[in-house]
Amino acid sequence: MTAAPYLAPWHYRFRGQLAGSVYAAPPGSRVTAAQALSEAGMAVHVDVMAETEGLPAGVSMAELADIVAAVGSSSVEVHLIGSAEFVDTKLLRVLHLRPAKVFLPWDAFTERRANALRAVGSSAWIALWREWDGLDPSAPPWRATPDGLLVMLIEPGSRDRSTIRRLDYVTACAGHLPVAVDGGVTESVAERSVTAGARSVVVGRALLGDLAETPGLFAISNEGTP
């Protein structure tokens with residue numbers, strides 16, 4: 001298999017810095033998309049969402065298991081999006097799959113959950129939307145110390161355009177712990193994220209371009225964000 005038909009060519013500019021979100025691919029093609037991403041040297045980012053809490057249907061646990069089987073757990077990172085109660089309904093299965101990284105919602109990030117992830121070899125990251133102003137990165141208000149911070153440029157579970165001013169969180173925190181960026185990322189946003197200090201950038205719609213050209217699958221925009 002070749003990755004070229006699935007990936008926007010600009011990803012070569014960011015070798016070792018991108019994770020491709022298979023949520024952007026339609027169900028039924030996500031394992032193939034994950035294989036293309038992995039073959040291109042990118043991490044495979046998987047959004048698992050709390051559909052019963054009003055969020056969109058994300059990647060299913062069955063798809064996640066198939067992706068791990070196809071590309072290996074060390075290539076996969078999982079973002080659990082929903083309440084702490086939702087996280088607990090999925091965490092045991094995630095622990096069994098042993099992905100490289102797991103991003104937990106701010107309210108669900110506790111020492112117990114983080115240690116459970118680390119015990120199976122996964123790193124435990126905390127996702128930030130509007131829970132913290134980031135003004136004092138030396139004294140963050142989280143309840144347990146994460147292995148890294150995921151700065152969301154859009155509300156988790158939405159498909160809005162990215163809010164560039166949120167890269168200020170990246171700059172503020174990058175000297176204290178590893179920072180990743182996710183949400184509405186295009187080529188120009190990826191470049192600005194890396195300049196701001198992000199170690200990794202999650203890209204979905206702007207990366208899986210050829211799949212987006214199939215009518216009725218999902219919308220994509222390659223426009224930069226002002």
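Helices and strands here are DSSP runs, numbered from the N terminus.

**Entry 1: confidence.** I am working with a predicted model. I looked up the mean pLDDT of the protein chain and found 90. I also noted that 90% of the residues reach 70 or more. Over residues 1-5, though, the pLDDT is below 50. I counted 10 contacts for this stretch beyond near neighbours in sequence. Residues 212-226 also have pLDDT below 50. That stretch has 32 contacts beyond near neighbours in sequence. My reminder: where pLDDT is low, the predicted coordinates should not be read in detail.

**Entry 2: the loop.** Where is arginine 98 found? I traced arginine 98 to the loop between helix 3 and strand 4. Its phi is positive, about 55°, although arginine 98 is not a glycine. Is arginine 98 buried or partly exposed? The relative accessibility is 47%, so arginine 98 counts as partly exposed. Exposed would need over 50%.

**Entry 3: helix 4.** I turned to helix 4, residues 111-119. Which of its residues are buried? I found Arg113, Ala114 and Leu117. They sit on the same side of helix 4, because they cover an arc of only 100° around the axis.

Next I checked the face turned away from the buried side of helix 4, and it carries the exposed residues Arg112 and Ala119. Then I asked what covers the buried residues of helix 4. The cover includes helix 3 (84-97), strand 4 (101-105) and strand 5 (123-128).

Last, I looked past the end of the helix. Glycine 121 follows helix 4, and its phi is positive, near 95°.

Terms used
Residues are numbered from 1 along each chain as its sequence is written. This is a predicted model: local features need pLDDT of at least 70, side-chain atom pairs count only at pLDDT 80 or more; totals for chains, interfaces and linings use all residues. Side-chain values use heavy atoms; hydrogens and water are left out. pLDDT is the predictor's confidence in each residue, from 0 to 100. Contact means heavy atoms within 4.5 Å. Buried means under 20% relative accessible area, exposed over 50%, partly exposed in between (1.4 Å probe, protein chains only). Helices (H or I, at least four residues) and strands (E, at least two) are DSSP runs, numbered from the N terminus. The arc is that of the directions from the helix axis to the C-beta atoms.
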